[in-house]
Amino acid sequence: MKGLSWFILLFALAAGLALAAQGNGGYVLVVLPPWRVEMTLNLVLVALGLLFLAAYLVFRGLSLAYALPGKVSEFRLRRTREKAGNAFQESVQRWLEGRYGQAQKRAGDAWEGGYAPLLSALVAARAAHAMRQEDKEAQWLERARGGETEPSVARLMVEAEFCLDGRDFDGAAAALEQVQARSGRHLAAMRLELKAQQGRKDWPQVLRLARQLEKRRALAPELAREIKLQAHREAIRLREDDGGLLLAYLRGVPEEEFHPRLVASAARALYQQGARAEALGLVESRLEKACAEDACWSPELVRLYGEWGEGDLTARIARAGKWLQQRPQDGELLLALGRLCLKQRLWGKAQNYLEASLSVAESREAHRELARLFEATDRSEAANTHYRASLEVPAAPGR
């Protein structure tokens, strides 16, 4: 339809020009002695139009011929960039597929083609790292640095990951410090920094990062709890030679992070330092709290409570008896009560508690305590029976 419209328009224009030319009686006289040329005005106009068209075509041709080398170069450059772009896409795809050799080769082609040189170099470096080609990894990282005016976050993050894989925790921390200076903290950098600080054994920083990541839901609660527990236990281990420092540290631990395993580690450290009353009080208070609030009950703390003989044993037996009312089928608590009664030379109660513990769950410890009880009361045959029975019972985990 559009072509028909143009045809009608041109036809109308030609008809109009023909009608106009018929009514034009003018002429043009050109005198150049000794010559004299006389032409109609219509012919002159047509000749001028043809001359203008010829001049335009000549100049247009010259212009195109002059620009042809540049056009060819531009075309070749465009083709090269297209090939480099395709090579980069293929390199990323191969890297995701786990074909690291092909990924490195295609990323190298992209880098040579000038397509995203920083990203191409980093993809090649990752592929080399995956294949443990340390020389090529260093070479590609150096090329990635060469194209930067300022340190890029992408390269720093890659370097931090490589340092962590190589257990260069100080190098990873240094790279992540630059990341923070460039772009502030973000979750991926904080996760890497957490691993770096764990490797450096910088436990205050580990605690800080674990709390921040847990608050931002970037760590599972169970994993965050284990990381914080490890950090606290390591901090306790570093202070186990100084009871005052240890107590001061424990006072600064938030209540929600006072896991029973942490309490057990702290209590043992205090006990070994000679602060036995403090150790016993810590264990007793946590067990009392667990019973009162129906919170996390710890067999490990119950075991410590029964093993230690400090304090008012009568009061301790009475307190453990109240706990037993809430947990009558707790074999560990029955064992602890049996041990406390044995220390207090309450032979009958000790035997009852220990035998009740065995009825709930057979254990080496209960058999051995009964054997000691029977030895103390001159019943050697019964003692030997329980000693033999203790050897037949598998050891409980963690004992």
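1. In this predicted model, Arg 145 and Glu 142 are joined through their side chains by a salt bridge, with N to O at 3.0 Å. A salt bridge here is a side-chain nitrogen of Lys or Arg within 4 Å of a carboxyl oxygen of Asp or Glu. Both residues belong to helix 5 (residues 134-146), where they stand 3 residues apart, about one turn of the helix. Helices are DSSP runs (H or I, at least four residues), numbered from the N terminus.

2. Arg 145 is partly exposed, its relative accessible area being 33%. On this scale, buried means under 20% relative accessible area, exposed over 50%, and partly exposed in between (1.4 Å probe, protein chains only).

3. Helix 6 (residues 153-165) holds Arg 155 and Glu 159, 4 residues apart. Their closest N and O atoms are 2.8 Å apart, forming a salt bridge. Both residues are buried.

4. Which residue meets Arg 211 in a salt bridge? The partner is Glu 257, at 2.8 Å, N to O. Arg 211 lies in helix 9 (residues 203-215) and Glu 257 in the loop between helix 11 (243-251) and helix 12 (260-272), so the pair ties together parts 46 residues apart in sequence. Arg 211 is partly exposed, at 33%, whereas Glu 257 is buried, at 8%.

5. A network of salt bridges links Glu 90, Lys 105, Arg 106 and Asp 109. The count of salt bridges comes to 26.

6. On method, residues are numbered from 1 along each chain as its sequence is written. The model is predicted, local features need pLDDT of at least 70, side-chain atom pairs count only at pLDDT 80 or more, and totals for chains, interfaces and linings use all residues, while side-chain values use heavy atoms, leaving out hydrogens and water.

Terms used: Helix = DSSP H or I, 4+ residues; strand = E, 2+ residues; numbered from the N terminus.
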